[in-house]
Amino acid sequence: MSIFSKIFRARDKPIQNSLPGLSFIPWLGGSDAGEIVTERSAMQMTAVYACVRIIAEAMAGLPLHVYKYGPNGSKEKAYDHPLYRLLHDEPNPEMTSFVWRETTMTHILLWGNSYSQIIRDRAGRVISLYPLMPNRMKVDRDQNGHLYYEYSLQSDDGAEGKRGSVRLQPSDVLHVPALGFDGLVGYSPIAMAKNAIGLSMAAEKYGAKFFADGGTPKGALKIPTAVKDYDKIRESWRNGMTSRNSNVAILEKGTEYQPVSINPHDAQFLETRKFQIDEIARIFRIPPHMIGDLDKSSFSNIEQQSLEFVKYTIDPWVARWEQAMFRALLSENEKSQMFIKFNVDGLLRGDYKTRMEGYAIARQNGWMTMNEIRELENQDRVPAEQGGDAFLVNGNMIPVTRAMKGGEE
């Protein structure tokens with residue numbers, strides 16, 4: 001037996017019936033700021049909600065196509081393949097492609113993983129995709145080291161009111177993980193950054209309580225003489241100072257009010273909230289101007305930041321999705337003949353003047369036809385006999401075939 005066979009056999013051996021790397025789990029719950037942080041409570045923060053919505057809607061709105069390879073390395077859309085309609089239009093009878101991708105992308109951004117059950121016909125072809133809640137999915141290995149997915153059922157799953165779990169094979173699940181430590185399961189960004197989000201929640205809660213009390217900080221009444229009825233004085237002060245009462249607080253017999261807690265300005269309340277917005281944007285890699293923070297943005301750099309959003313935020317998610325769908329949805333024979341790809345060109349489109357200048361350069365240098373340009377602008381094709389599919393060369397702007405014949409027809 002060679003040394004290599006021992007290595008591969010050891011790698012396949014299960015490690016305590018669980019996935020490697022799960023010894024470190026970033027638990028949700030209490031943060032150092034004292035706030036309970038969960039996926040749902042985090043979404044109540046406007047910055048978190050905005051970041052999740054921006055990425056989820058951007059991914060859901062990208063055109064998604066199935067392609068097949070043609071001769072000489074060419075490619076064309078596989079309109080006749082069943083996967084094309086599922087991914088482009090309707091993954092299941094209850095959802096559009098936009099809603100399905102928006103939902104599953106939200107799962108990744110909050111829980112770190114998205115799971116969709118793959119329904120196949122008897123021939124093994126994919127006929128529908130249904131999203132599964134990630135907080136009810138367990139990924140583990142059996143005693144033989146084989147990976148499996150175990151999904152917890154609830155009474156509202158249509159399982160005739162029965163509770164329990166169902167075990168799914170890897171071929172039955174489209175799993176798109178976020179950043180993780182073992183390459184199999186992603187970790188929740190909310191859990192990894194719970195202290196930063198918890199601080200934002202605490203600051204927002206403090207601000208809400210501050211204004212609920214009429215914008216008055218806590219303090220003490222300094223009375224030079226001895227008093228007997230403290231409760232009466234305290235109640236009188238409260239009735240006069242709360243925003244829910246129009247009475248005016250009256251101080252008598254030398255009574256003075258001394259605040260004992262710092263005001264929001266001294267505590268840099270607004271600065272703290274603004275910094276936490278930047279902190280949350282950093283977690284999701286969102287340019288601050290996209291969630292309403294325009295302090296460091298200008299007309300000249302917003303366009304560059306938007307391009308960086310596509311390159312550094314959307315492109316990595318696109319790669320994760322494309323490779324996960326390629327691995328799970330295509331058969332072994334199809335993988336050498338087909339591929340699945342998002343079209344991000346729409347996010348990179350410039351203004352009208354810039355696009356026209358780019359098209360003009362491409363047209364004059366002979367690497368785009370009139371119909372290729374018109375298709376990008378969603379315009380009708382020009383008949384081939386009118387030069388719609390002809391390539392032009394710079395100079396006399398004549399078809400390439402004519403130029404090769406010395407200008408003769």
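Mentor: We will take confidence, then a helix, then a sheet.

Trainee: What is the mean pLDDT of the protein chain?

Mentor: This is a predicted model, so confidence comes before geometry. The mean pLDDT of the protein chain is 78, with 67% of its residues at 70 or more. Residues 1–24 stay under 50, and the model has 30 contacts beyond four places in sequence for them.

Trainee: How many residues does helix H5 have, and what does it reach from its first C-alpha to its last?

Mentor: In general, an α-helix has 3.6 residues a turn, so residues three or four places apart point the same way. Helix H5 covers residues 97–111, which is 15 residues, and its end-to-end C-alpha distance of 21 Å is close to the expected 21 Å.

Trainee: Is H5 mostly covered or mostly uncovered?

Mentor: Mostly covered: 11 of the 15 residues in H5 are buried. Among them are Trp100, Arg101, His107 and Trp111.

Trainee: Which strand order does the open sheet of three strands have?

Mentor: The order is E7-E8-E9, and the pairing is antiparallel. Strands E7 (137–141) and E9 (164–168) are at the edges with a single partner strand each, so one side of each has no neighbour in the sheet. From one strand to the next, the twist averages 30°.

Trainee: Over how many bridges do E7 and E8 pair?

Mentor: Five, in the antiparallel sense, with E8 running over residues 147–153. Lys138 stands opposite Glu150 of E8.

Conventions:
Residues are numbered from 1 along each chain as its sequence is written. This is a predicted model: local features need pLDDT of at least 70, side-chain atom pairs count only at pLDDT 80 or more; totals for chains, interfaces and linings use all residues. Side-chain values use heavy atoms; hydrogens and water are left out. pLDDT is the predictor's confidence in each residue, from 0 to 100. Contact means heavy atoms within 4.5 Å. Helices (H or I, at least four residues) and strands (E, at least two) are DSSP runs, numbered from the N terminus. The expected span of a helix is 1.5 Å times one less than its number of residues. Buried means under 20% relative accessible area, exposed over 50%, partly exposed in between (1.4 Å probe, protein chains only). Two strands pair if DSSP finds at least two bridges between them. Axes are lines fitted to C-alpha atoms, for helices over the stretch in contact, and angles run from 0 to 180 degrees between N-to-C directions.
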